[in-house]
Amino acid sequence: MTSIVSKPWGSFQVIEVGEKYIIKRMIVKPGGKLSLQSHQHRAEHWIVVKGEAEVTIEEDITILHSGEYILVPLHAKHRLANNYSEDLIIIEIWYGDNLEEKDIIRYEDIYNRK
């Protein structure tokens, strides 16, 4: 496992890197919200381990609870938010041919990142 990477919304840690996948453990703090974003080279699969997640994919908003999961398709605008009072823990799996952190197009971001 790699070291923990801090983000404005919480943190993540890479658990495993494969040829065409990456598995991460993400912690989203209460009130934390990832940017509305899309990716050109990867799809993502989010599994809720603890807490409740507000997931936006295109125009649809879904609330996921512990044990539930969702697929974020390639190119889809998406966002993950924790609107609750306890940490949200997510297992995130990236699938694709190019798995770089910089494969991100941000449309909205409450932390003013580009």
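Tutor: We start with D109, which is placed in the segment after β11. Strands are DSSP runs of E with at least two residues, helices are runs of H or I with at least four, and both are numbered from the N terminus. This is a predicted model, in which local features need pLDDT of at least 70 and side-chain atom pairs count only at pLDDT 80 or more, while totals for chains, interfaces and linings use all residues. Residues are numbered from 1 along each chain as its sequence is written, and side-chain values use heavy atoms, with hydrogens and water left out.

Student: Is D109 buried or exposed?

Tutor: The classes rest on relative accessible area: buried is under 20%, exposed is over 50%, and partly exposed lies in between, with a 1.4 Å probe and protein chains only. D109 has 14% relative accessibility and so counts as buried.

Student: Which residues is D109 in contact with, beyond its neighbours in sequence?

Tutor: A contact means heavy atoms within 4.5 Å. With neighbours within four places in sequence left aside, D109 contacts S35 and R79. For a distance across the model, take D109 and H45: they are 64 residues apart along the chain, and their C-alpha atoms are separated by 21 Å.

Student: What elements does the protein have?

Tutor: The protein has eleven strands and zero helices. Its radius of gyration is 13 Å, close to the 13 Å that the globule rule gives for 114 residues, so the protein is as compact as a globular protein of that length. The radius is taken over C-alpha atoms, and the rule is 2.2 Å times the number of residues to the power 0.38. Along the principal axes, the C-alpha atoms fill a box of roughly 35 × 30 × 25 Å.

Student: How much of the protein is buried, and what share of its contacts joins residues 24 or more positions apart?

Tutor: Of the 114 residues, 45% count as buried. Among contacts with a separation of 6 or more, 66% are between residues 24 or more positions apart.

Student: Which residues touch the most other members of the largest nonpolar core?

Tutor: In soluble globular proteins, nonpolar side chains tend to be buried together. A nonpolar core here is a set of buried Ala, Val, Leu, Ile, Met, Phe, Trp, Tyr and Cys residues joined through side-chain atoms within 4.5 Å. The largest one has 21 residues, of which M26, W46, A53, V55, L80, L88 and I90 touch the most other members. Two or more residues come to this core from each of β2 (10–17), β3 (21–28), β5 (42–50), β6 (53–57), β8 (69–72) and β10 (88–96).

Student: What does M26 touch?

Tutor: Not counting residues up to four places away in sequence, M26 touches W9, S11, F12, L34, L80, L88, I89, I90 and E92.

Student: Now the loops. Where do E58 and E59 lie?

Tutor: E58 is in the loop between β6 and β7, and E59 also lies in the loop between β6 and β7 (60–64). E58 is partly exposed at 42% relative accessibility, whereas E59 is exposed at 75%. Leaving aside neighbours within four places in sequence, E58 contacts H75, A76 and K77. E58 and P73 are 15 residues apart in sequence and 10 Å apart in space, C-alpha to C-alpha.

Student: What is the phi of H75?

Tutor: Phi of H75 is near 75°, a positive value in a residue other than glycine. H75 sits in the loop between β8 and β9 (78–81) and is partly exposed, with a relative accessible area of 42%. N112 also has a positive phi, near 60°. N112 lies in the segment after β11 (105–108) and is exposed, with a relative accessible area of 67%.

Student: Where is E86 found, and which residues is E86 in contact with?

Tutor: E86 is found in the loop between β9 and β10, partly exposed at 40% relative accessibility. Neighbours within four places in sequence aside, E86 contacts P30, K50 and G51. E86 and K102 are 16 residues apart in sequence and 29 Å apart in space, C-alpha to C-alpha.
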